[in-house]
Amino acid sequence: MFRIILFLLLVLPVNVFGYECNQEIDKISKEYKIRISCNPEEIESFHVRGKKPSQSYLEQFTPYLKNFVNSYNSSLLKRHLDKIIVVENLKRYGEDVGGVSDGRQIIICVSDFVDPSEAYTRILHHEFSSDIYKANEYSLISKWKNVSAGRYDYSDSFLNQCLRNFDFAYLQNLQINNDGFVANYGKTNDENDFNTYAEVMFIRTYDIPRLKHFPKFREKLEIFKTFYRNAGYSGKFPDETGQPIISRLLYTTTTPLVGVPAYMEENKCGIHIT
């Protein structure tokens, strides 16, 4: 009898105890009125696939999810985020990815990241910023694109080069920064450019004082803030608090996005977050 019960516990879905994911995640879902699912069958995009996440990964992910939703006022989340789907082994067109923005929902991969704090936080803000970008008026999007007009490289070869070389690094590259970009990946298209600015604003805030030396960055930073305020963001941005932004001592010019396959032990969540 004991063996039968043990077998059922192993094969039954995650919500066998009445929870969609786990108790804490379900509480976050109810409090913020965002559906948070751990069922990969709820993924609607035919080109995106994932597997049911383990409880150990969910427990690791939970505090970072809570920090993410606490970063925004509830009205903003209500307007721009309907659902978060949490899975393992997330793939898009058969390629390993860390996250996907699909309309008003985020699909995120949980795995054994070496630095889960940076990986999960970065993916969540990166993907959420896509809906903020798309929800704004076309005139504002045009204004954003015009700052670095002529500097984007929309070719598949450049995108593949960034993905192949894990070229998401926030390099202190004078040419890139002078053109208004904070990463090579941002050059692949205007939305990815916006995503990388969201990472700087909400995660890599220690790099803002350096980047403010570049006129195009300053111009795009103000446009970025307009996007978020138009979307309902009511908080202060890091450079508006009056508090000094502390540099990260471990920051180097060669640190790639946390989550590259080399940083994994077993499961893969590729570094490109779309």
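Which residues in H6 meet which residues in H11? On the H6 side they are Leu140, Ile141, Lys143, Trp144 and Val147. On the H11 side they are Lys216, Glu219, Lys220, Ile223, Phe224, Thr226, Phe227 and Asn230. The model is predicted. Its protein chain holds eleven helices and six strands.

**Overall make-up**

- The protein chain has 274 residues, and buried residues make up 53% of them.
- Take the contacts in the protein chain with a separation of 6 or more: 70% of them come from residues 24 or more positions apart.

**Helix pair H6 and H11**

- Helix H6 spans residues 138–147.
- Its axis and that of H11 lie 10 Å apart, and the two helices pack at an angle of about 160°.
- Angles over 145 degrees count as roughly antiparallel, so H6 is roughly antiparallel to H11.
- The crossing of H6 past H11 is left-handed.
- H6 brings Trp144 to this contact, among others, and H11 brings residues including Phe224 and Phe227.
- By class, the residues of the H6 contact with H11 are seven nonpolar, two polar and four charged.

**Helix pair H2 and H3**

- Helix H2 covers residues 23–32, and helix H3 covers residues 55–70.
- Their axes come within 9 Å and cross at roughly 20°.
- The cut-off for roughly parallel is under 35 degrees, so H2 and H3 are roughly parallel to each other.
- H2 also passes H3 in a left-handed crossing.
- H2 contributes Glu24, Ile25, Ile28 and Tyr32 to the contact.
- H3 contributes Leu58, Phe61, Thr62, Leu65, Lys66, Val69 and Asn70.
- The residues of the contact of H2 with H3 comprise seven nonpolar, two polar and two charged.

- Side chains of opposite charge can pair when their charged atoms come close.
- Searching the whole structure gives 18 salt bridges.
- One of them joins the side chains of Arg122 and Glu118, at 2.4 Å from N to O.
- Both residues sit in helix H5, residues 116–135.
- Arg122 and Glu118 are four residues apart there, so about one helical turn separates them.
- Buried means under 20% relative accessible area.
- Arg122 has 0% relative accessibility and so counts as buried.
- Glu118 has 9% and therefore counts as buried too.

- Asp193 forms a salt bridge with Lys220, and their closest N and O atoms are 2.5 Å apart.
- Asp193 lies in helix H9 (residues 190–202), while Lys220 lies in helix H11 (residues 215–230).
- The pair therefore ties together parts that are 27 residues apart in sequence.
- Asp193 is at 0% relative accessibility, so Asp193 counts as buried.
- Lys220 is also at 0% and so counts as buried.
- Lys220 is also one of the H11 residues that meet H6.

**A further pair and a network**

- Asp207 and Arg210 meet through their side chains in a salt bridge, at 2.9 Å from N to O.
- Asp207 and Arg210 are both buried.
- Salt bridges with shared partners also link Lys212, Glu222, Lys225, Arg229, Asp239 and Glu240 into one network.

Note on methods
Residues are numbered from 1 along each chain as its sequence is written. This is a predicted model: local features need pLDDT of at least 70, side-chain atom pairs count only at pLDDT 80 or more; totals for chains, interfaces and linings use all residues. Side-chain values use heavy atoms; hydrogens and water are left out. Axes are lines fitted to C-alpha atoms, for helices over the stretch in contact, and angles run from 0 to 180 degrees between N-to-C directions. Angles under 35 degrees count as roughly parallel, over 145 as roughly antiparallel, 65 to 115 as roughly perpendicular and the rest as oblique. A crossing is left-handed if the near helix is turned anticlockwise from the far one by less than a right angle, and right-handed if clockwise. Contact means heavy atoms within 4.5 Å. Ala, Val, Leu, Ile, Met, Phe, Trp, Tyr, Cys and Pro count as nonpolar, Asp, Glu, Lys and Arg as charged, and the others, Gly among them, as polar. A salt bridge is a side-chain nitrogen of Lys or Arg within 4 Å of a carboxyl oxygen of Asp or Glu. Buried means under 20% relative accessible area, exposed over 50%, partly exposed in between (1.4 Å probe, protein chains only).
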